[in-house]
Amino acid sequence: FDATEKVAHMPMLLERKITRSKAKVQIAIQVRSKLSNIDDMKEMSIALAVSDKIASDSIEINVGKGEWDRITRTIIWKLDSLPKGE
């Protein structure tokens, strides 16, 4: 599933919270599988593009098993499954 495509039913809910201070910017992302899905979501990835205005050496991933790709400037989390409603 590619969330950039136009779909009649988006199978997930995305929420984000951005906190800024003089020293840093923190981004929190919450992803949930909708209760209306037929089944659990399987083998999915979540990608977050990072602006080139952010220094690569300042990127930290504090939760989850996200991987920072310096070339594409994205953080990618790979999930084996996301249970329906979670």
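Helices (H or I, at least four residues) and strands (E, at least two) are taken here as DSSP runs, numbered from the N terminus. This is a predicted model, in which local features need pLDDT of at least 70 and side-chain atom pairs count only at pLDDT 80 or more, while totals for chains, interfaces and linings use all residues. Residues are numbered from 1 along each chain as its sequence is written, and side-chain values use heavy atoms, with hydrogens and water left out.

**Overall layout**

The protein has zero helices and five strands, giving the order β-β-β-β-β from the N terminus on. Of its 86 residues, 19% are buried (under 20% relative accessible area; exposed is over 50%, partly exposed in between; 1.4 Å probe, protein chains only).

**The largest pocket**

Let's look at the largest pocket, whose volume is about 1000 Å³. On a 1 Å grid over the protein atoms alone, a pocket is an open set of points where a 1.4 Å probe fits, with protein on both sides within 12 Å along at least five of seven lines; lining residues have an atom within 4 Å of a point. Grid points are joined across faces, edges and corners, and the volume is the space filled by probe spheres set on them.

The lining of this pocket counts 29 residues, and those nearest its centre are Gln26, Ile27, Leu48, Glu60 and Ile75. Strands S2 (25–33), S3 (41–49) and S5 (74–82) each give two or more residues to the lining, with S2 providing the largest share, seven residues. By type, the lining holds 19 nonpolar residues (Ala, Val, Leu, Ile, Met, Phe, Trp, Tyr, Cys and Pro), three charged (Asp, Glu, Lys and Arg) and seven polar (the others, Gly among them).

**Individual residues**

| Residue | Relative accessible area | Class |
|---|---|---|
| Ile18 | 37% | partly exposed |
| Arg32 | 33% | partly exposed |
| Glu43 | 74% | exposed |
| Arg73 | 16% | buried |

Ile18 sits in strand S1 (residues 12–20).

Glu43, in strand S3, has a positive phi near 45°. Arg73, in the loop between strand S4 (67–69) and S5, also has a positive phi, near 55°.
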